[in-house]
Amino acid sequence: MLAELVTGAVADAAERRAARPLAEVEAAAAAQAPALDALQALAPADRVKLIAEVKRASPSRGALAEIPEPASLALSYEAGGASAISVLTEQRRFLGSLEDLASVRSAVGIPVLRKDFIVEPYQVLEARAAGADLVLLIVSALEQPRLAELHELVLQLGMTPLVEAHDAEEVARAVDLGAQLVGVNARDLSTFELDRDLFGRLADRIPSGVVRVAESAVLSPADVRHYRDAGADVVLVGEALVTGEDPIATIESFLAA
């Protein structure tokens, strides 16, 4: 599944690049206001912080929500107390777009993450041109030299990389980069199976001072509490917010957990 998603993302980026050359995207990125400080927004505190996700669909669950106005949903997330917004921009299986990201960025005053299968510099520049403050880099999708190259480019553009790992080796690769924001995804991106306890087994491998993000398998306040007890500074929540009736109340209940 991961290979299929990466292949599709590369093909879609090539199509966009044909319509919008690199030089044009670079100029648009340079014209953006400086990225917000995501590390400050997500820094460890006396309670857990949330990244709330705009997500229409997933390969594992299919369609989740139509979300005709991503900006409106993101404003609800911000009102509920989210510290950052994640926007799925992958179009084939998640039904997202860079336009979704740009509309969210224009609406909220908190950092915005581009969540996609980023494997080449053009995609990083696209993220900044659309107003992203953070960019997801998935360790399992990248050889270490390319991971390091993209990590450095994200930093050069003033954004924050969220480096996502799925096992101990990948956490070590993230740490070797000097990543300051490391996520552990409970969902195996090859099989899409969930392991809710994976974060707890890997958290101690993330050095003190690095922000620890728990991703996936979050459907209730008890799940947030589970991750917080295991050492999470931040929890990323998607499906529970887009499928529920009241995202503000859901976020508030998760933060109170």
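Trainee: What makes the strands a barrel, and in which order do they close?
Mentor: In this predicted model, 8 strands close in the order E1-E4-E5-E6-E7-E8-E9-E10, with parallel pairing. Two strands pair if DSSP finds at least two bridges between them. Strands (E, at least two residues) and helices (H or I, at least four) are DSSP runs, numbered from the N terminus.

Trainee: How do you know that strand E1 and strand E10 pair?
Mentor: E1 (residues 49-54) and E10 (residues 234-237) share 4 bridges in the parallel sense, and the rule asks for at least two. Ala-52, for instance, stands opposite Val-237 in E10.

Trainee: What does the model rest on, and which residues and atoms count?
Mentor: It is predicted, so local features need pLDDT of at least 70 and side-chain atom pairs count only at pLDDT 80 or more, while totals for chains, interfaces and linings use all residues. Residues are numbered from 1 along each chain as its sequence is written, and side-chain values use heavy atoms, with hydrogens and water left out.

Trainee: Why is the pair of Phe-94 and Phe-117 called tilted?
Mentor: Rings of Phe, Tyr and Trp (its six-membered ring) pair if their centres lie within 6.5 Å; planes under 30 degrees apart count as stacked, over 60 as edge-to-face and the rest as tilted. Here the centres are 6.1 Å apart and the planes stand at 35 degrees, so the pair is tilted.

Trainee: Why is Phe-117 called buried?
Mentor: Buried means under 20% relative accessible area, exposed over 50%, and partly exposed in between (1.4 Å probe, protein chains only). Phe-117 has 6%, so the residue is buried. Phe-94 is buried as well, at 8%.

Trainee: What makes the pair of Phe-199 and Tyr-227 edge-to-face?
Mentor: Their centres are 5.9 Å apart and their planes are at 75 degrees, so the pair is edge-to-face. The pair links helix H9 (residues 198-202), which holds Phe-199, with helix H10 (residues 221-229), which holds Tyr-227, 28 residues apart. Phe-199 is buried at 1% relative accessibility, and Tyr-227 is buried at 1%.

Trainee: How do you know that the charged end of Arg-17 sits over the ring of Tyr-122?
Mentor: The term requires NZ of Lys or CZ of Arg within 6 Å of the ring centre and within 35 degrees of the ring normal. The charged end of Arg-17 is 5.1 Å from the centre of the Tyr-122 ring and counts as sitting over the ring.
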